[in-house]
Amino acid sequence: MGQVSRVDAVRLAAMKADEHAEGKDAEGAVMASDAFFPFPDGIEEAAEAGIEAVIQPGGSKNDDMVIEAADEHDMTMVFTGSRSFRHD
């Protein structure tokens, strides 16, 4: 969602899924992020929205905390090791 607040970005993405996913919602969805999660708060918000899996590049010094949060919510997490968005 390109928000300054990483937690608001998750909230808005879940809201968009609820409103625009043709009869679907965020429950059971997969969330993709082009940036790593520096803290577990985004994962906590995703779990609250019903997200079941996350794909992200990883690379935060807090990856262990983020993985722990995902594990606590039985959320699958995939690390790509690279970002997809090109910054020039």
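Predicted model: local features only at pLDDT ≥ 70, side-chain atom pairs only at ≥ 80, totals over all residues.
Local features require pLDDT of at least 70 and side-chain atom pairs pLDDT 80 or more, whereas totals for chains, interfaces and linings use all residues. Residues are numbered from 1 along each chain as its sequence is written, and side-chain values use heavy atoms, with hydrogens and water left out.

Helices (H or I, at least four residues) and strands (E, at least two) are DSSP runs numbered from the N terminus. Three strands, in the order E1-E2-E3, form an open sheet with parallel pairing, where pairing requires at least two DSSP bridges between two strands. Strands E1 (30-32) and E3 (76-79) stand at the edges with a single partner strand each, so one side of each lacks a neighbour in the sheet. E1 pairs with strand E2 (residues 53-56) in the parallel sense over 3 bridges; Met31 has Val54 in E2 as its bridge partner.

There are 4 salt bridges, defined by a side-chain nitrogen of Lys or Arg within 4 Å of a carboxyl oxygen of Asp or Glu. One of them joins Arg11 to Asp8, with the closest N and O atoms 3.1 Å apart. These two residues, Arg11 and Asp8, are 3 residues apart in helix H1 (residues 6-20), and are therefore separated by about one helical turn.
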